[in-house]
Amino acid sequence: MRADPFIAELRDRGLLTTEQATAITADERTRPFSLHYEIRTLLYLGITLLSGGLGVLIYEHLDQIGHGVVVAVVALLMTACFAYAARHRQSFSWTLVPGSSLLADYLLLLGCLLFLVLEGYLQAQYELFGTRYGLALALPAVLFFLLAYRFDHRGVLSMAITALAAWVGLNTQPLAVFENNFLTGSVSRAAIALGALLLLVGWLSETRHRKAHFAYTYILLGGNLLLGAATAALFNEVLNPKALLVLLILAVSAGLFWYGRRAHSHLFLLLGAAYGYVAFTYGLGWLLSEFGLDVVFSLGLYYFVASTAAAVWFLTHLKRLAGTDAHEQGL
């Protein structure tokens, strides 16, 4: 969008002098255009295409290449990625470390992906870990946590949390993957406990000033894990009592809503409102069902009308609730 028409209009109204309009026009025409997001998108796309292309190439020519060559090539690429990232690393600090090289950040991410590829290939071809599947998941979790903190990388931190969640689920219900029965009481309890632990770590990170910028990732993933597991367990009736689950979801949703206002984050406000609405609606319907079908239908109709109006009000006042207007203006 060109700024010339707006500058001309302001000049015609007498809000800008000719000299000011000329200076603003010259600044608009000579100001550098940022390619930050375009470059990040290309790097993401490049990593994805490289990983996928290598996988297809290896799959189609495995007989000619040989397993040893595949392992060696992936290991060399992984080592090169980690070496480049280590060469451009900054000194460790518990505060936010300014990145010196955007390429180093993405190569670190690619190195972690190649580590997973190498580990999976060795397990599938040579059964490196045997039946110790927990060890195969614990190893990348530990490695990724160390790399995330050493290189101050939130993308690697997300991978570490994902690996940790997979390890907890596998150790809680070892045969769930093979029985295609993921949602059980033990898995739900483990997911809720891990989500609570991640929320606690995120809160401690921020209050103790130990990688406080990691708190966003911990709270986002932990909150989603806890609330998602509790909501799924509520609807599938794998955990009891229901009232306790409803209260837990409402309490955590309120906490996310509070954190969203404090951090000026629309995402946390939406998560807290969405999960809280589902839990409150479920609990209200469960209570009303005790009084008979007629009561549920009559009161439920008024409730959904009122909740729809409340949702519209919430979305239209989202920026005000998050405080982003005042935050952007520096108030």
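Helices here are DSSP runs of H or I with at least four residues, numbered from the N terminus, and a helix's expected span is 1.5 Å times one less than its number of residues. All views come from a predicted model, in which local features need pLDDT of at least 70, side-chain atom pairs count only at pLDDT 80 or more, and totals for chains, interfaces and linings use all residues. Residues are numbered from 1 along each chain as its sequence is written, and side-chain values use heavy atoms, without hydrogens and water.

**View A. Helix 11 and the residue that follows.** Helix 11 covers residues 215-236, and its 22 residues should span 32 Å; the end C-alpha atoms lie 31 Å apart, which agrees. Just after helix 11, Glu-237 has a positive phi of about 55°.

View B. Pro-241 sits in the loop between helix 11 and helix 12 (242-263). Most peptide bonds are trans.

**View C. Two loop residues with positive phi.** Asp-152, in the loop between helix 7 (133-151) and helix 8 (154-172), has phi near 55°. Its relative accessible area of 13% makes Asp-152 buried (under 20%; exposed is over 50%, partly exposed in between, with a 1.4 Å probe and protein chains only). Lys-211 lies in the loop between helix 10 (185-207) and helix 11, also with phi near 55°, and is buried at 0%.

**View D. Cys-81 and Cys-112.** The whole structure contains 0 disulfides (pairs of cysteine sulfur atoms within 2.5 Å). For Cys-81, the nearest cysteine sulfur is that of Cys-112, 9.4 Å away. Cys-81 is buried at 7% relative accessibility, and Cys-112 is buried at 0%.
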